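Please look over the sequence and the model first.

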Amino acid sequence: MAKATYMKLKGSQNLRLRLLLATLSATPVLIDDIRHDDTWPGLRPYEVSLLRLFEKICDDCVVEINETGTKLKYKPGIIMGGKNLVHDCGVGRSIGYFLEPLIVLGLFGKKPLSITLKGITNDSKDPSVDTFQSTTLSILKRFGVPSEGLKLTIRNRAPPPHGGGEVELKIPIVQNSLTAVTWIDEGMVKRIRGLTFTSRVSSQFEHTMRYAARGIFNRLLPDVHISTYHSKTGKSPGYGISVVAETTSGCFISADTAVSYGRGEESGEDKDEENNELMPPEEVGEQIASVLLGEIEQGGVVDSTHQGLLFLLCALCPQDVSKIRVGKLSPNGIETLRHIRDFLGVKFVIKPDPSTETVILKCVGCGLKNLSRKIS
């Protein structure tokens, strides 16, 4: 066996993206200086949990972490998929943090993936599970992912800090490779759907959030429907709302937030949730309505939280030209483009469109094929 050559990287930022791209491109990585100057140096518990999740769905992958957790050696294995898997995501980050890499990895597995994730479903940091259900899965369908077997079942919603939520994700494998897209028509918004949820607070909060959000949306279009959900099994008090706008050309633009007591010190993160400290439900409804309208105003076929995923799917397409339109490039989108260049060698041609203040990106995919699936 030839000794593997490791790609050397530094720092803790974009760890999830680096691990995902390393696995897809079968590139071993060595990451140094992970928060080495912090009071709490090294990997956070949720990042270790993410590594354990990668180990669960891949065969023969090797993870080595030094004693302080500031150095990580990761050698990817073969993506296996598998059914009836269970993973506890802990309470450091919400389930959305783990779903994002999972949905891409699952497509290139040997067998379809079926996994139950437990933890926090809605928080203010990561996309909520409702956004995944309504928006993210429909983006995958654009790239030729079969809709049979593509499903996210939400059994239970729960806010931080104690979690208690549960979702089941099913991802089919792509038979050979994804299909390249030309996706530049955003269309006009034709309907808005949404969901409010409460856990261990008065269910009156749901109606307050609904009326506040609908008060803004109904001035603009009549077809607005926001349903309610009261969680009986959440372990912490909290409430939140997620809304999604569907356009005439089949694009989904989403926004979501949740309000809960901060996670405290156990995650070792800064308490940046203080500013969100228990905003009244009426303001939450109004705020999320204006966030969604801001996303729609920016233009583009996806909202800013989904830009990274869209670029990644384009880069993984066969060697054919993909052309997409997004609004203002988000910081996450820019980092994703840089990492795609480093790991997959795919460069995007970025061309601003001044008339609509959007950006058109073109790329030729790297032609990633699902080599791990069984050849029948």
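In which sense do strands β12 and β13 pair, and over how many bridges? Strand β12 (residues 189-199) pairs with β13 in the parallel sense, over eight bridges. This is a predicted model, in which local features need pLDDT of at least 70, side-chain atom pairs count only at pLDDT 80 or more, and totals for chains, interfaces and linings use all residues. Residues are numbered from 1 along each chain as its sequence is written, and side-chain values use heavy atoms, with hydrogens and water left out.

**Sheet**
- The open sheet has four strands in the order β13-β12-β14-β15, with mixed pairing (two strands pair if DSSP finds at least two bridges between them; strands are DSSP runs of E, at least two residues, and helices runs of H or I, at least four, numbered from the N terminus).
- Its edge strands, β13 (224-231) and β15 (252-260), each pair on one side only.
- F197 stands opposite Y229 in β13.

**Helices on the sheet**
- Helix α4 (residues 129-142) packs on the sheet and touches β12, β14 (238-247) and β15 (contact means heavy atoms within 4.5 Å).
- Helix α5 (residues 204-217) lies across β12, β13 and β14.

**Buried side of α5**
- E206, M209, R210, A212, A213, I216 and F217 of α5 are buried (under 20% relative accessible area, with a 1.4 Å probe and protein chains only).
- They lie on the same side of α5 because they cover an arc of only 165° around the axis, taken from the directions from the helix axis to the C-beta atoms.
- The cover over these buried residues includes β12, β13, β14 and α6 (281-298).

Terms used: Axes are lines fitted to C-alpha atoms, for helices over the stretch in contact, and angles run from 0 to 180 degrees between N-to-C directions. Buried means under 20% relative accessible area, exposed over 50%, partly exposed in between (1.4 Å probe, protein chains only).
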